[in-house]
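Hi,

Here is the structure I promised to pass on to you. Have a look at it first, and then read on for what turned up.

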Amino acid sequence: MNRTTCLLILWIVATVPIVFAQDPSEDLIHQSQRYCLQKIASEGNFALEEAILRHGNVDVKGQQAPDVFQGLIDGGYLPGRYYCYSLVSNLSWNPSEQKFLVSTEVLNHSVSSESVVIALQKKPTETVMIRGFVLEHATNLKDQAQNLLIESLFQDEDLLLLPQYFTWALKVWETPTRISLGESNMNVYAQMAISPEDKARLFFMTFWFTKTKPKTPSVQTMAALFDLEVPMPALQAMFGSYSSDLLAEFTVPFKEGYGPHHQTLLHLFSKQYSHPRILQALAFALINRGRGHFAPIQSEILHVWETMTGIKYLGSTHEFLAWYEEQKKLLKGKN
């Protein structure tokens with residue numbers, strides 16, 4: 001190789017820019033930071049307007065943005081816990097307009113499995129924020145990313161993100177990744193979940209995403225799951241994993257009309273009608289299908305009886321009730 005050729009190669013190398021591979025997790029961190037700052041600034045302004053409407057002019061002169069924001073939390077105008085709150089210290093404040101500054105930057109909320117895997121493996125200081133961002137915006141995560149995310153969900157010792165975890169879980173419950181979780185860990189989490197809603201969310205997450213079968217939940221926990229709008233297949237799977245005595249506890253509110261979940265209970269009962277109390281509740285609904293809280297679901301009641309018995313309803317419930325009497329005798333014989 002002559003001198004001219006060497007110089008030419010050196011010139012090409014020197015003039016071609018060197019491109020370093022960008023860490024996709026860094027982009028995810030920046031995405032979540034930008035999203036969180038916009039979100040808490042916008043919600044802070046809304047909460048501040050609500051406080052002013054209730055109490056008149058709110059004196060925030062001389063205060064910094066984090067202090068104003070914390071005051072809104074303390075006053076009950078903002079939730080006490082949220083994954084974006086790690087960035088409260090970075091909020092900007094417009095003292096003349098007395099508003100948090102909100103960026104007008106257009107955000108990209110797409111989340112790749114690759115960036116999730118790298119970010120969670122690194123466990124940066126922003127991990128809580130990243131998990132919250134992923135939970136809100138990720139769809140169709142690949143197995144490795146979903147597994148790492150699920151494992152990280154149970155690392156929040158104060159259950160900070162439990163509501164977000166639960167909402168995300170409802171989106172992906174059909175194909176859960178199961179992780180190992182010791183019983184001692186479960187007991188610690190159970191002690192931290194105070195409200196029936198938190199207990200219900202934690203039970204669902206543990207049941208659906210871990211290899212540990214939770215102990216039989218309380219009636220209050222299962223009732224909260226109804227209010228949290230857990231999909232029917234998941235409710236069937238959970239009730240089906242425990243004694244039918246648990247589901248039978250709901251026959252009283254079903255018959256007496258407590259709560260708004262009569263149709264859901266009807267379909268759950270139809271899957272476990274071999275329990276005497278449940279079978280009796282279904283017969284009660286059949287006989288009283290045109291009255292009170294049963295009237296709006298009377299067609300569903302008849303359909304359930306057709307499915308259970310294999311008998312077509314032709315205007316009379318005589319055959320249904322005869323089948324019911326036979327089933328009662330069989331159940332009594334088993335006991």
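What volume does the largest cavity have? The largest cavity has a volume of about 60 Å³. Before going further, a word on the basis: this is a predicted model, in which local features need pLDDT of at least 70 and side-chain atom pairs count only at pLDDT 80 or more, while totals for chains, interfaces and linings use all residues. Residues are numbered from 1 along each chain as its sequence is written, and side-chain values use heavy atoms, with hydrogens and water left out.

**The cavity**

Searching the whole structure gives 1 cavity of 30 Å³ or more. On a 1 Å grid over the protein atoms alone, a cavity is a set of points where a 1.4 Å probe fits but cannot get out, and a pocket is an open set with protein on both sides within 12 Å along at least five of seven lines; lining residues have an atom within 4 Å of a point. Grid points are joined across faces, edges and corners, and a volume is the space filled by probe spheres set on the points.

The largest cavity is lined by L153, F154, D156, L159, L162, Y165, Y189, L202 and M205. By class, that lining has 8 nonpolar residues, no polar ones and 1 charged (Ala, Val, Leu, Ile, Met, Phe, Trp, Tyr, Cys and Pro count as nonpolar, Asp, Glu, Lys and Arg as charged, and the others, Gly among them, as polar). Helix 7 (162-172) and helix 9 (196-209) each give at least two residues to it; helices are DSSP runs of H or I with at least four residues, numbered from the N terminus.

For the largest pocket, the volume is about 330 Å³. Its lining has 16 residues, with M186, A190, F203, P214 and K215 nearest the centre. Helix 8 (183-192) and helix 9 are the elements that supply two or more of the lining residues, and helix 8 has the largest share, 4 residues. This lining divides into 7 nonpolar, 5 polar and 4 charged residues.

Q38 lies in helix 2 and, at 16% relative accessibility, is buried (under 20% relative accessible area, with exposed over 50% and partly exposed in between; 1.4 Å probe, protein chains only). Beyond its neighbours within four places in sequence, Q38 is in contact (heavy atoms within 4.5 Å) with V102, S103, T104, E105 and L107.

H55 also belongs to helix 2 (residues 24-55), but H55 is exposed, at 57% relative accessible area.

Happy browsing!
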